Amino acid sequence: MHVENIAEHLKAHGIKPSLQRIKIYEYLLNNYEHPTVDIIYKDLMSQIPTLSKTTVYNTLNLFVDNEVANVIIIEDHEARYDAEVEPHGHFKCKVCGKIEDFDIDLSKLELRNLGNIEITETHFYLRGICEECNKKMK
């Protein structure tokens with residue numbers, strides 16, 4: 001996902017663009033490994049000495065609430081974040097822990113038997129062994 005002006009993008013979604021919020025969102029846009037709160041905090045604390053883990057957590061929740069990021073919970077003990085909010089899937093390797101995005105075509109899902117429903121969230125998670133780890137295991 002590409003955002004020309006992060007401050008304007010955040011404003012357009014009802015978020016006041018403070019330095020910390022801009023840096024955290026920029027980090028999400030530039031890091032495709034779907035980072036956790038701890039990873040973001042660790043990587044940004046040298047750039048923003050006043051940053052706290054609570055600020056990172058609260059900012060990410062604000063982003064999710066205002067639909068500029070998604071929370072990914074592939075495993076119960078781990079919340080990760082993604083700036084790509086368009087529906088797509090995630091694959092997590094059980095060996096190396098890498099998470100990769102993949103496209104999904106929602107129009108191909110057969111949902112008629114569910115009746116007149118309104119879908120408000122879409123999450124597609126797959127777990128297995130990635131190609132690289134599969135090669136190493138053989």
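Start by selecting T59, which lies in helix α4. Helices here are DSSP runs of H or I with at least four residues, strands are runs of E with at least two, and both are numbered from the N terminus. The model is predicted, so local features need pLDDT of at least 70 and side-chain atom pairs count only at pLDDT 80 or more, while totals for chains, interfaces and linings use all residues. Residues are numbered from 1 along each chain as its sequence is written, and side-chain values use heavy atoms, with hydrogens and water left out.

**Stop 1: around T59**

Is T59 buried or exposed? T59 is buried, because its relative accessible area is 5%. Buried means under 20% relative accessible area, exposed means over 50%, and partly exposed is in between, with a 1.4 Å probe and protein chains only. T59 is in contact with both of them, leaving aside its neighbours within four places in sequence. Contact means heavy atoms within 4.5 Å.

**Stop 2: the whole chain**

Zoom out and colour by secondary structure. The protein chain has five helices and five strands. Read from the N terminus, the elements run α-α-α-α-β-β-β-β-β-α. The C-alpha trace spans about 45 × 45 × 30 Å along its principal axes.

Of the 138 residues in the protein chain, 31% are buried. Among contacts with a separation of 6 or more, 48% are between residues 24 or more positions apart.

Switch to a surface view. The protein chain exposes about 9,200 Å², and carbon and sulfur atoms supply 49% of this area. Accessible areas come from the Shrake-Rupley method with a 1.4 Å probe; for residues, only the protein chains shown count as cover.

Next, select the charged side chains: 16 are positive and 23 are negative. Lys and Arg count as positive and Asp and Glu as negative, while His and the chain ends are not counted. The centres of the two sets lie 6 Å apart. Each charge is placed at NZ of Lys, CZ of Arg, CG of Asp or CD of Glu.

**Stop 3: two loop residues**

Select H34, in the loop between α2 (19-30) and α3 (37-44). H34 has a positive phi of about 55° although it is not a glycine. With a relative accessible area of 2%, H34 is buried.

Then move to E67, in the loop between α4 (53-65) and β1 (70-75). E67 is not a glycine either, and its phi is positive at about 60°. Is E67 buried or exposed? E67 is exposed, because its relative accessible area is 59%.

**Stop 4: β1 and β2**

A hairpin joins β1 to β2 through two residues. The two strands pair in the antiparallel sense over four bridges. Two strands pair if DSSP finds at least two bridges between them. Strand β2 (residues 78-82) is mostly covered, with four of its five residues buried.

**Stop 5: the three-stranded sheet**

Select β3, β4 and β5. These strands form an open sheet in the order β4-β3-β5, with mixed pairing. The edge strands are β4 (99-102) and β5 (124-128), each of which pairs on one side only. Neighbouring strands of the sheet are turned by 25° against each other on average, direction ignored. For such angles, axes are lines fitted to C-alpha atoms, for helices over the stretch in contact, and the angles run from 0 to 180 degrees between N-to-C directions.

Strands of a sheet pair through backbone hydrogen bonds, either parallel or antiparallel. Strand β3 (residues 89-93) pairs with β5 in the parallel sense over five bridges. β3 and β4 run antiparallel and are joined by four bridges.

Which residues stand opposite G89? In β5 it is F124, and in β4 the bridge partner of G89 is F102.

Show the side chains of β3. Five of the five residues in β3 are buried. G89, F91 and C93 are buried on one side, and H90 and K92 on the other.

β3 and β4 form a hairpin with five residues between them, and G97 in the turn has a positive phi of about 85°.
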